[in-house]
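Dear colleague,

I am passing on the structure we talked about, so that you can look through it yourself. Below it you will find what was found in one part of the chain.

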Amino acid sequence: MRKIYFVCFLFMLNGLFAQKKDKLYPVTIYEKVWQEKNSDARLKLIKSIWLDDSTFEDPSASIKGIVPFNNVINEFYKKYPDAILTSGAKVVKDNYVTWEWKILDSKNKLIMAGRDFARLNGKGQVSKIISFWDTTATLSEADILKNLEAENLNVVAKYYECLFKTKDFNTMATLIEDGAVYNQAVGLPYGGTYIGFSEWTKMFTKSNEFFDLQIEKEPTYFSDASKNEVIIYFTISCRAKKSGKTMSVPISEHFDLKNGKITAVRPFYFDTKQFAEFLKSKK
């Protein structure tokens, strides 16, 4: 008799596991949907678990239906083409399932993290997904500094390109923080302290009265992300407009940045006195 009870217990236990496994099927497919980067292949997966009135909500979207859901994921992969989804254990209660997840890039950098709540219809399909983002999920300090350094270097490189290559002051203005300070050596004919981008442009215009330049040596970049600093070292070839003489001038420029914008610039000339005399000299 005990054997019969034990067999019945095992049968019921297997039934419970099978029931849980069946409930998780649409969630398993849902996760495969997010791992599929091909839009057409993904759409076929979505159709197997998603209904025309199934809904998806997260901080960036609130949509209903099959095609809109596929479009949400398409837009995600446009922004994060190398994203990789990892998921935690599932908690099942009635027709509800919840679990934590993380999205990493190909270099194992955290893109975002959060928790999903799924309501299932009991027929192998999803009725609703609500996705909550974990705004406290952070990178390691080393990764934060690495990302900050890359961002700062890109900002300074764009500034350099706008100033010396494209002369695109409209784009340059988007890189400069309001009230940013430019300190030019006082000994130069356009020297002084300039506050705000409109004052910077006046300084650039005034300096243009004294010389023409070409880049002789492209910049080398140095960065200290912990201090939000970037230094570039480059060489220009100048022709003084008053005398017609030419001179090679090594320059380093020190940039302070904050929140992806330049807050201060301080250029240093190899020999400021010699350069000032060169600009003022006459034929």
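Two strands are said to pair if DSSP finds at least two bridges between them. In this predicted model, L213 has C238 in β11 as its bridge partner, and β10 and β11 are joined in the antiparallel sense over eleven bridges.

These two strands belong to an open sheet of six strands, whose order is β9-β8-β13-β12-β11-β10 and whose pairing is mixed. At its edges lie β9 (192-195) and β10, each of which pairs on one side only, and from one strand to the next the twist averages 15°.

Two helices pack on this sheet. Helix α6 (residues 197-207) touches β8 (176-184), β9, β10 and β13, and its direction makes about 35° with that of β8, while α7 touches β10, β11, β12 and β13, with a direction that makes about 120° with that of β12.

Within α7, the buried residues are F275, A276, F278 and L279; because they cover an arc of only 160° around the axis, they are on the same side of α7. What covers these buried residues includes β10 (211-224), β11 (229-240), β12 (246-258) and β13 (261-269).

Conventions. Residues numbered from 1 in each chain as written. Predicted model: local features only at pLDDT ≥ 70, side-chain atom pairs only at ≥ 80, totals over all residues. Heavy atoms only, no water. Buried < 20%, exposed > 50% of the residue type's maximum accessible area, 1.4 Å probe, protein only. Helix = DSSP H or I, 4+ residues; strand = E, 2+ residues; numbered from the N terminus. Arc of directions from axis to C-beta. Contact = heavy atoms within 4.5 Å. Axes fitted to C-alpha atoms, helices over the stretch in contact; angles between N-to-C directions.
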